[in-house]
Amino acid sequence: MTDKKTILVTGASGYIGSHTCVELLNSGYAVIALDNFCNSSREALRRVKRITDMPITVYDADIRDRAALDQILREHRIDAVIHFAGLKAVGESVAKPLMYFENNVAGSVTLLQALAQANVKRFVFSSSATVYGDPESVPIEEGARLSVTNPYGRSKLMVEQLLADLLHSDASWSIGVLRYFNPAGAHPSGLIGEDPRGIPNNLTPFVAQVAAGRRERLSVFGGDYPTPDGTGVRDYIHVVDLARGHLAALTALFDTGKSFTVNLGTGKGYSVLEVVRAFEKACGRTIAYDIVARRPGDIATCYANPAMARNLLGWQAEKGIDEMCADHWRWQSRNPHGFEPA
Ligand SMILES: NC(=O)c1ccc[n+]([C@@H]2O[C@H](COP(=O)([O-])OP(=O)(O)OC[C@H]3O[C@@H](n4cnc5c(N)ncnc54)[C@H](O)[C@@H]3O)[C@@H](O)[C@H]2O)c1
């Protein structure tokens with residue numbers, strides 16, 4: 001018998017999930033990993049084992065598969081769940097909204113039903129700053145108006161809302177909703193990192209692939225925003241800081257049982273061109289880019305007020321943009337084709 005707390009992590013082999021598994025294992029939690037590997041490689045969790053030298057139980061399962069969830073919940077005494085599993089490509093969500101609602105919303109409902117039946121009621125949910133839409137002002141506080149501009153964002157907001165209803169119906173749930181800003185970087189070991197399939201949707205993996213010669217040039221969408229250099233400003237948060245935010249959230253849920261919704265960001269915004277320059281410094285190469293038209297739906301500036309996470313969870317981001325770029329470059333240059341061999 002062990003007194004370790006056991007955390008079920010859905011979407012564990014994905015970008016943020018794998019980094020969170022490392023932090024959980026290094027902090028003395030036992031991890032039950034669940035993923036259907038629709039957007040990740042099995043190698044990621046093997047690397048997590050390599051980094052931590054700790055065992056991890058892996059289930060190849062889908063959050064929409066109630067029988068599989070019931071089986072896992074019968075086999076393990078789970079103390080809390082971190083729910084990362086979901087689809088996250090905004091463009092794809094516009095083209096295939098039902099797929100997004102089925103996976104992200106219906107999948108979350110099935111998971112919550114299974115957890116309710118098993119009486120596992122500590123739950124951490126991956127939400128996103130996308131629920132703020134085009135913010136009225138920055139820095140963005142948790143109480144800001146919520147509005148979404150695409151089905152992906154709507155799926156996140158719908159799950160936030162259904163979690164609020166669930167909590168209202170049954171106060172024995174303890175739920176932490178974490179609104180991530182822009183995760184970037186990779187584990188300092190260079191063993192795990194973001195491994196996008198196809199054309200990267202996010203800036204840093206795209207920049208990294210240009211630096212590595214896998215793509216010719218970066219397209220910067222919009223050079224005429226009302227920002228200091230005209231390019232969009234975002235709050236980039238190192239994925240290891242983000243992962244640690246989940247541990248702080250779990251600790252708060254275990255210690256107080258109180259539910260919360262908090263931003264996980266740094267509170268500082270960087271423009272696209274500032275990120276490009278930081279990446280050039282990290283990799284010692286020039287990143288070729290073109291400034292092209294704005295992308296519909298994109299906003300000028302988005303960064304968090306991170307005070308609530310600091311006050312409630314005692315957590316704050318510690319790593320800056322240079323470390324993010326250096327770690328991302330280490331991952332990219334050591335794994336030019338991601339987790340899969342060339
Ligand atoms: N990366 C970001 O920019 C960002 C920002 C805000 C919020 N989020 C949210 O954080 C979570 C994790 O994001 P990520 O960047 O690690 O994405 P990711 O795609 O790398 O990880 C998600 C994981 O979930 C798995 N998955 C998807 N649907 C599943 C299902 N039905 N059953 C089981 N597994 C399933 C995928 O295979 C993948 O391993 C997602 O919910 C995402 O929406 C991400």
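| Side chain | Ligand atom | Distance |
|---|---|---|
| Asp35 | oxygen | 2.6 Å |
| Asp62 | nitrogen | 3.0 Å |

The protein buries 96% of the 820 Å² that the ligand exposes when taken alone (Shrake-Rupley method, 1.4 Å probe). Helix H1 (15–26), strand S2 (30–35), strand S5 (122–128) and helix H6 (151–169) each give two or more residues to the shell around the ligand; S5 gives the most, with 3 residues. Helices are DSSP runs (H or I) of at least four residues and strands (E) of at least two, numbered from the N terminus.

The model is predicted, with local features requiring pLDDT of at least 70 and side-chain atom pairs pLDDT 80 or more, while totals for chains, interfaces and linings use all residues. Residues are numbered from 1 along each chain as its sequence is written, and side-chain values use heavy atoms, without hydrogens and water.

An open sheet of 7 strands has the order S3-S2-S1-S4-S5-S6-S11 with parallel pairing (at least two DSSP bridges between two strands). Strand S3 (57–60) and strand S11 (260–264) are at the edges with a single partner strand each, so one side of each has no neighbour in the sheet. H6 lies across S5 and strand S6 (174–180), at about 150° to S5 (axes fitted to C-alpha atoms, for helices over the stretch in contact, heavy atoms within 4.5 Å; angles from 0 to 180 degrees between N-to-C directions).

Key. A polar contact is a pair of N or O atoms within 3.5 Å; within protein, one must be able to donate a hydrogen and the other to accept it, and residues adjacent in sequence count only if both atoms are side-chain atoms.
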